[in-house]
Amino acid sequence: MKTRTRLFLTVLATVIGGLCLVLYTTLSQDILFEGMSFCSSSTMDLTLGTLAMFTSAVLTGFISSLIVVRDNFWPHFFISLFIVGKLSMVALCGQWGGPLWFESGVHLSLLGGLWLGCYGAIKFPLAPV
């Protein structure tokens with residue numbers, strides 16, 4: 001694969017993966033579970049909402065891996081930096097939806113789901129090599 005094509009696919013996978021992550025987490029957190037928050041949601045809503053956010057991260061990692069044809073990890077690295085940056089901004093600005101351990105756990109589940117989706121795309125031969 002040419003360098004220009006590889007760079008284009010990396011940028012495309014990063015942008016589409018980031019937008020998918022934002023869309024899926026918004027869908028799971030705000031629409032399906034009506035503004036999931038540690039203070040106002042039930043235990044079942046928190047459990048299912050966090051599982052839905054984890055699933056959205058897995059789908060994002062899978063989609064990003066399929067776009068770059070499973071041969072590089074740069075989109076996942078950049079999306080991971082976005083997630084860590086978001087957690088840092090939440091911590092610095094004090095815009096908590098709950099305690100620090102809850103927000104950190106949600107963001108760590110997003111990171112884990114992203115890389116699990118990447119691993120799943122490598123092991124599941126859907127895209128051509």
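In which helix is the place of Ser88? Ser88 sits in helix H3, where helices (H or I, at least four residues) are DSSP runs numbered from the N terminus. The structure is a predicted model, in which local features need pLDDT of at least 70, side-chain atom pairs count only at pLDDT 80 or more, and totals for chains, interfaces and linings use all residues. Residues are numbered from 1 along each chain as its sequence is written, and side-chain values use heavy atoms, with hydrogens and water left out.

Because its relative accessibility is 36%, Ser88 counts as partly exposed; buried means under 20% relative accessible area, exposed over 50%, and partly exposed in between (1.4 Å probe, protein chains only). Ser88 and Ser104 lie 16 residues apart in sequence, and their C-alpha atoms are 9.8 Å apart in space. Ser40, in the loop between H1 and H2, is exposed because its relative accessible area is 58%. From the C-alpha of Ser40 to that of Leu12, 28 residues away along the chain, the separation is 37 Å.

Ser28 belongs to helix H1, which spans residues 3-32. With 3% relative accessibility, Ser28 therefore counts as buried. Its side chain reaches the backbone oxygen of Thr25 at 3.2 Å, a polar contact being a pair of N or O atoms within 3.5 Å; within protein, one must be able to donate a hydrogen and the other to accept it, and residues adjacent in sequence count only if both atoms are side-chain atoms. Leaving aside neighbours within four places in sequence, Ser28 is in contact (heavy atoms within 4.5 Å) with Phe33, Ala52 and Met53. Thr14 is also placed in helix H1. A polar atom of the Thr14 side chain lies 2.8 Å from the backbone oxygen of Thr10. Not counting residues up to four places away in sequence, Thr14 touches Pro75, Phe78 and Ile79.

How do two helices pack together? Two packed helices are described by the angle between their axes and the distance between the axes. For helix H2 (residues 43-67) and H3, the axes come within 9 Å and cross at roughly 145°; axes are lines fitted to C-alpha atoms, for helices over the stretch in contact, and angles run from 0 to 180 degrees between N-to-C directions. Thr60, Gly61, Ser64 and Ser65 of H2 make the contact with Pro75, His76 and Ile79 of H3. By class, the residues of this contact are two nonpolar, five polar and no charged. Here Ala, Val, Leu, Ile, Met, Phe, Trp, Tyr, Cys and Pro count as nonpolar, Asp, Glu, Lys and Arg as charged, and the others, Gly among them, as polar.

Leu110 has its place in helix H4 and counts as buried because its relative accessibility is 5%. Leaving aside neighbours within four places in sequence, Leu110 is in contact with Leu21, Thr25, Met53, Ala57 and Ile83. Tyr24 is 86 residues from Leu110 in sequence, yet the two are 11 Å apart in space, C-alpha to C-alpha.

The largest pocket has a volume of about 310 Å³. Of its 20 lining residues, Thr25, Gln29, Met53, Lys86 and His107 are the closest to the centre. On a 1 Å grid over the protein atoms alone, a pocket is an open set of points where a 1.4 Å probe fits, with protein on both sides within 12 Å along at least five of seven lines, and lining residues have an atom within 4 Å of a point. Grid points are joined across faces, edges and corners, and the volume is the space filled by probe spheres set on the points. H1, H3 (74-93) and H4 (100-123) each supply at least two residues of this lining, and H1 gives the most, with six. The lining divides into 11 nonpolar, six polar and three charged residues.
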